[in-house]
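This report describes selected features of the model shown below.

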Amino acid sequence: MALPTGETIGILADNLRLRNSVLPIPGKNATRWAGGLGIPRGGETVLYTGMMYQLIPYIEAVNKSQEKIEDTWLVNFIKVGRLMNRVINISGFMGRPSKSLQADYNKMLANIARLLRQAGVEFGYLYEDELYSGALIYDLGMDDVLAAHAQKVYAIFKKYGVKNLITVDPHTTNMLRSVYPALIKGYDLKVKSYLEVLVERDIKPKHSLGAEVAIHDSCVYARYENVLNEQRTLLAGAGVKVSEPPGAGLFTHCCGGPAESLFPKKAKQKARERVEQIKSVAQNGVTMCPICFVNLQKAARGEIKLDDISNYLVRAYL
Amino acid sequence: MAQVNPEFIDEVKRPGEFNASACMNCGVCTAVCEMGIELLPRKLFRYVLLGIKDKVLENTETIYSCLLCKMCEVNCPANVHIAENVRSLRYYINKKVYNL
């Protein structure tokens, strides 16, 4: 028996409405990546993580539980779970995030902040006041819940006098740059991905990595936000030879991640197909979206080495 | 026999959203579908346009299986906003079927 779609969406939407995130994260865990970096609070230009990187270890923990109960009689309890979740956050009982995974994702965010600094960008961060963008709820078609949440997110930017947002992942870039303007009257924030900012600032490499990687483009960067050249420019500058797998660039194939919340098995199958394509051109793969990274890494089963683009860039440009 | 409901399209449609009338039924979208689902999106949209509500509601799993990756959309010769149409169907189902 598949996971009950309506109840699962209901839990995620209730969480966003009641707790400002599809999976609530303790504030100290969401902001730990910035420890020791001395990033000022607020400012006209802020690095907006949108919580995507921080959420992945939590999503992973919950998905492990989902995979165990998918196709079993236990799915019947999800209906009860939704009722309980309105009172108490049940995702906290569905699995603990792995410490090592949290450390990996925190490192990626710290990399991005250090790269921006190296490129001469002055930026702040909203720390525990930063909210999730609502990307998953948008995909699931819960537009009324998203519209209310977007107003909360925008109000926080306004409270801090933010004018420019630097985003770190494709889904948050799309939400803030292309979805929010249709939801919020008078929306006036300028939004750029850190990849775009680094290219715009003409960041100069200090080392040549002499590596070869297969690039896995994000569907959202490629087909929603037209971010296709920046990642290639930065990798070329880093001395990385980029191999294009079957289905790359504008026609990139998907990692399967968007199906994960409702159909974990379908997501896994799609990710495995993509790993085979990456494997056909190189033994190392590079991603630029935390969802792509986690899905492909799981499906790769150690047969290829995948890494987030920030881990390559930080070695070459710092 | 399928029951046709001419008002179904208006139920699904939100202002400026669900619009598949430009679809020529060429099948490119289905051929390139990342999930390899034969119903997505051409047949599904045809059911909506024809008002065959039961067929749409029989296929809710398919509607939520779409990755919204836009591989179909970028290949569509009629420039149909496929991903937005799928999201509109989800919005409709969330409201009318799941009471969310």
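Predicted model: local features only at pLDDT ≥ 70, side-chain atom pairs only at ≥ 80, totals over all residues.

The secondary structure of chain B consists of seven helices and zero strands. Along the sequence, the pattern of chain B is therefore written α-α-α-α-α-α-α.

The overall dimensions of chain B can be considered next. The C-alpha trace of chain B spans about 30 × 30 × 25 Å along its principal axes. Because a compact globule of 100 residues would have a radius of gyration near 13 Å, the 13 Å of chain B agrees with that expectation. Of the 100 residues in chain B, 53% count as buried, that is, they have under 20% relative accessible area. Among the contacts in chain B between residues at least 6 apart in sequence, 67% join residues at least 24 apart.

The charged side chains of chain B comprise 12 positive and 11 negative ones. The centres of these two sets lie 2 Å apart.

Chain A carries an annotation from a record. An unreviewed UniProt entry lists residues 103-176 and 213-297 of chain A under "domain: Cysteine-rich". The table describes both spans.

| Span of chain A | Helix | Strand | Distance between end C-alpha atoms |
|---|---|---|---|
| Residues 103-176 | 61% helix | 5% strand | 26 Å |
| Residues 213-297 | 45% helix | 13% strand | 15 Å |

Notes
Residues numbered from 1 in each chain as written. Chains lettered and ligands numbered in written order. Heavy atoms only, no water. UniProt positions renumbered as here; feature names shortened; annotations may be inferred. Helix = DSSP H or I, 4+ residues; strand = E, 2+ residues; numbered from the N terminus. Rg over C-alpha atoms; globule rule 2.2 N^0.38 Å. Buried < 20%, exposed > 50% of the residue type's maximum accessible area, 1.4 Å probe, protein only. Contact = heavy atoms within 4.5 Å. Lys, Arg positive; Asp, Glu negative; His and termini not counted. Charge placed at Lys NZ, Arg CZ, Asp CG, Glu CD.
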